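Me: Please take a close look at the cavities in this model. What lines them, and which parts of the chains supply the lining?

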Protein chains: 4
Amino acid sequence: MTNFASDNVTAMAPEILAAIADANEGPAMPYGEDPVTARVRARFNDLFETETLVFPVATGTAANVLGLSLLTPPYGAVYCHRDAHIVVDECGAPEFYTGGAKLVTLEGADGKLTAGVVSDAITGAGVVHHVQPAAISLTQATEVGTLYRPDDVAAIAKVARAHQIGLHMDGARFANAIAALGCSPAEMTWKAGVDVLAFGATKNGAMAAEAVVIFKPELAAEFGFRRKRGGHLFSKGRFLSAQLEGYLEDGLWLRHALHANSLATQLAQGLAGLPGVTLHHPVEANMLFLSLPESVIAGLKAGGFMFYDWTTPATAAGMREIRLVTAFNGTGEDVRAFVALAADLARKAAE
Amino acid sequence: MTNFASDNVTAMAPEILAAIADANEGPAMPYGEDPVTARVRARFNDLFETETLVFPVATGTAANVLGLSLLTPPYGAVYCHRDAHIVVDECGAPEFYTGGAKLVTLEGADGKLTAGVVSDAITGAGVVHHVQPAAISLTQATEVGTLYRPDDVAAIAKVARAHQIGLHMDGARFANAIAALGCSPAEMTWKAGVDVLAFGATKNGAMAAEAVVIFKPELAAEFGFRRKRGGHLFSKGRFLSAQLEGYLEDGLWLRHALHANSLATQLAQGLAGLPGVTLHHPVEANMLFLSLPESVIAGLKAGGFMFYDWTTPATAAGMREIRLVTAFNGTGEDVRAFVALAADLARKAAE
Amino acid sequence: MTNFASDNVTAMAPEILAAIADANEGPAMPYGEDPVTARVRARFNDLFETETLVFPVATGTAANVLGLSLLTPPYGAVYCHRDAHIVVDECGAPEFYTGGAKLVTLEGADGKLTAGVVSDAITGAGVVHHVQPAAISLTQATEVGTLYRPDDVAAIAKVARAHQIGLHMDGARFANAIAALGCSPAEMTWKAGVDVLAFGATKNGAMAAEAVVIFKPELAAEFGFRRKRGGHLFSKGRFLSAQLEGYLEDGLWLRHALHANSLATQLAQGLAGLPGVTLHHPVEANMLFLSLPESVIAGLKAGGFMFYDWTTPATAAGMREIRLVTAFNGTGEDVRAFVALAADLARKAAE
Amino acid sequence: MTNFASDNVTAMAPEILAAIADANEGPAMPYGEDPVTARVRARFNDLFETETLVFPVATGTAANVLGLSLLTPPYGAVYCHRDAHIVVDECGAPEFYTGGAKLVTLEGADGKLTAGVVSDAITGAGVVHHVQPAAISLTQATEVGTLYRPDDVAAIAKVARAHQIGLHMDGARFANAIAALGCSPAEMTWKAGVDVLAFGATKNGAMAAEAVVIFKPELAAEFGFRRKRGGHLFSKGRFLSAQLEGYLEDGLWLRHALHANSLATQLAQGLAGLPGVTLHHPVEANMLFLSLPESVIAGLKAGGFMFYDWTTPATAAGMREIRLVTAFNGTGEDVRAFVALAADLARKAAE
């Protein structure tokens, strides 16, 4: 089977495995007091061109919700897109880690919030009956593979600052966003007003490693305690850090993302003109959402391609939506084979 | 530095790293739907000679508190030793994951609870003012390196059953207990009445892998949801399972534990008779707690040995308590060197 | 000032105060073990024509969220209208008391859910990434003063049963609904499929008393513990029960509601035809939402009438929405005076 | 039956009922925006001779745990006596309201903590494995009817300040303490270093009213939200405040407490010398704990006196411990009758 199902279906990159093996030498102080972790901290400072506070964890959900827990009281409101991972795919982890904060779900085209939508939603400050505005959470790249430009983030951050609330970024596919936009990590985050970033690595080549990157030192004081009581402090912490070190080494993270994005672009170009095929969102990172005739979908699956059906039937009869995700270790051959088969099937379906 | 500080200061065993590398082939379905995880499930059934429900996680705290969360309502009481890891070393994770259950801390010699002590403590059932008896938690091996015999566990399980409450076992050093007692994992757990086990592997050679082993199927229904919302469901789950598979392969887990225990026994034998040295608990697994003259402690540290000071000064003037932990990858040479230096220093101190 | 602001701005009915005074004789066992509470339990059984489990509490929020906490695990989803009190006006109490369950907010005309809307929203059962369907919550009367007929409730209950989830009713204005529909409390609740009811009394004449009425005995076992740990178990419980006893005595509750509803109907009739006045929802209970010229609003306030501005400006220029609530102790004179002044002001505004 | 069981078995004082009736006039703004509440705030400022922030609630548990929730993060440690109400009698409410903080239970003679005991217990600050020192909670009068002098409180407050943690006082029987010690409320609280007080009124004559009194304004910002989400914000708040106003009017609170204390003193004097009777703690407020021959206990119950058996059998054979509580509305006749019967029974038992 050829994987277009998800970037988390992939193995880890050999460089990451090698970094783990390299770290497996002799004793090391536990709980993040090891030299690998110290080096990774310095790496993140370089990457983000500022003093950051970096806490490695093993899952994206942990990174998201531990980060959010710094930004909201239990009676807080977190404004986010209705399709956000924290809303849909974390089984209530945000509510759990924040002690019961409310995710206020907002609408927005192509999976994105706008400053206007967020601004309109922020109400009730100081009124005891209502949850209190606490944070905005953006997903970058979004759940439908679109991107916020630094200016988009800055406009939303301006709203956050006006209401004195925090700005959180779910960066499970942060690398894909940076690769696509060509901006710096700093421009995309703290320079635009992000307070806390969940910096993903797992989908883009690591085994199980993400980093919570905190740009406001005063927020970090309680992170260690919250991570520990969440059960997310690794004793042999060097192996989390080693993954992140390998991930950042020689720009591996960015090469991976550029590659995956490029495959998505090739897929989009190959599929866009086919009869009966409709792309649902701009293809900006490594994901495509498209409507296809059901016969084409069935044929692609029979041809050995693995991907997810996404939603209920699209508008036109006999059409369905699927999601395609390209990964750091996908190949141009796979993409070409997919496009060729899709083209063949689409033409037959159109006859 | 030679490590007697903790078994979590160790690297991972080469066999575990090899198992991770072996699992790093091609795509695999995420979230535990991979073939490695399927094989590990079967392995645990073999090991425990019964149908178990096994959920890999990455940390001992996560394993403990997710397991406990199945056994108690938010208004429950969990009876445990005052020195238990869940009481002292998890920064409130049990309270967090159980939604606020109360750990009722009990006294007991050598880190162990007795059926009598637990039985006396279980009060208030049905009285609305009091937290409700919900579970007993045992640590095996205990925090001071002592062991419950299967009969000890069964006696406490009898109390649990009499009150219709659950029995949880923190098995961060379960392997050391099995190695020392020569009983089967089944005899130590479900045959004695344990409902949920946190089966440790990290301290005994894995990178970051533990398993929650559930012996009552009806308890398992909600585990998946609780693990996910705790942020403990790995997308690339095969790498957690691979560690467990490597750990169980060819009895690696038991060989490691036998070795570590043997080193502890050698340490105890070498240190017991030295002037000014007092062992505080029976040395049954891989940990020793002992009082030494301060000059001996200082000399051992100066000699390149790494270990923790444990408590405030012991009774006699100039004496302190230290903890020594032996690990799966320790060596007899290290032990002999430690004993030789300790003997030399102790004799000088006694002059 | 004449109150059309809220039914909670009212004093308590003299009959309720008398009931409190009557209960203030001699010692009584605390925590609901008193004879008044015993009598109230029997009263509720009579009222609902079945064995109920009744727990008095002092606030509507407590009644709602304690009831909900019986129906959902911490990783559950509670389906409710986007305008529901539990969503908007309880500062996150539902998330708090349920340990973090998610309120899934749904759209619906006139503040009401339909079976179809709810059915479409219930997804993700058994999928570990998603919060799990747990309960539906209806508000009766709704936040905009409309009503569910017993058939409406039954249709939604059918959806709940199909998914094996619970049905909760926020009955802060339950009396107004019964009074308006002329059905029995039984028909509106357990006969239609409601599992837990928050039965309001405070808005309709009590001082501070509501009752959680549980129609499924198996749900009630944990209620007492949850109420106590919420701090809602009164020591001198007789005074909560006395209010409920006084409220149910001689049909006081229903007379109050009939009266308040009647005043609302009179208001609606008097205001409906005025120039520039638009009623926003059917007036079925004791609340009206209407658009008026701003000059009319200002004139009414200047005339001594107290009511709330409700939302941002309505469509037409110079128009705003207000809410009027009639209460058990309002008078026909007040209504006639309000209508007369409104008519006068509206005609002037229209000139 | 004559009540020596508890001060919460009592009715409310007629003055309190009258205050409720007085407040029952006309409409009033809800949620504490009424004039009675405004007056009560001023009253508390007078009583405590400083600017306080006062929040009425209906139960002692609510007052305690809402207050505590201001002083500790979810990963905090609250140091308290092992017999404290928050430990034993609130069904986990402190853990619930604090989001999972840990009550660290300490020993102390006569129900009291000492500065030394508390100081020794405060450990682990800054260490990520341990819950973090957050607050000390004292009960005044204690659960066994003894008292902290202002100097005792100040000594403990000094420990709190040295560790930069909060000081909470459970004052369910605060009036009894003030009455007995003759100090001012200010001397007992903020002047001695108390940050948050749960000021009880229910046991001493109110229907259901307590006040959380906050002496550090910066702690109060979040109280309103926490009270609301706990379901403890009354809509008709004037009736809570009216009770407190009645309670403070003309020193009623202090007269009540002086009376109850005096009855306890009389009981103690009458019982102390009887054969077989042992008082277990100094009788300083309105509670007595004593050992009696079982035949005496049975005879007193048969004679119409209501009180609680307290613990398992005392040291001597045939002896048990009981608790006697005197109340604001008890009488000297009741006390004399109790003592006379006890004397008679004790002499017979001693023959």
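Reply: The UniProt record, an unreviewed entry, places the feature "domain: Aromatic amino acid beta-eliminating lyase/threonine aldolase" at residues 4-290 of chain A (numbering as used here, name shortened, and annotations may be inferred rather than shown by experiment). The model is predicted, so local features need pLDDT of at least 70 and side-chain atom pairs pLDDT 80 or more, while totals for chains, interfaces and linings use all residues. Residues count from 1 along each chain as written, chains are lettered from A and ligands numbered from 1 in written order, and side-chain values use heavy atoms, without hydrogens and water.

Within the annotated span of chain A, 40% is helix and 16% strand (DSSP runs of at least four and at least two residues, numbered from the N terminus). The C-alpha atoms at the ends of residues 4-290 of chain A are 13 Å apart.

Turning to the cavities, the structure holds nine of 30 Å³ or more (sets of points on a 1 Å grid over the protein atoms alone where a 1.4 Å probe fits but cannot get out; lining residues have an atom within 4 Å of a point). The largest cavity has about 280 Å³ of space (the volume filled by probe spheres set on the points, which are joined across faces, edges and corners). Its lining consists of 24 residues, and those closest to the centre of the largest cavity are Tyr31(C), Gly60(D), Thr61(D), His85(D) and Lys203(D). Helix H3 of chain D, residues 60-69, contributes most to that lining, with three residues. By class, the lining of the largest cavity has eight charged, nine polar and seven nonpolar residues (Asp, Glu, Lys and Arg are charged; Ala, Val, Leu, Ile, Met, Phe, Trp, Tyr, Cys and Pro nonpolar; the others, Gly among them, polar).

The second largest cavity has a volume of about 100 Å³. It is lined by 13 residues, and Gly32(A), Thr37(A), Pro56(A), Arg227(A) and Leu233(A) lie nearest the centre of the second largest cavity. Two or more lining residues come from each of helix H2 (35-48), strand E2 (53-57) and helix H11 (238-248) of chain A. Of these, E2(A) gives the largest share of the lining of the second largest cavity, three residues. The class division for the second largest cavity is seven nonpolar, four polar and two charged residues.

How values were computed. 1 Å grid on protein atoms, 1.4 Å probe; cavity = no way out; pocket = protein on both sides within 12 Å on 5 of 7 lines; lining within 4 Å.
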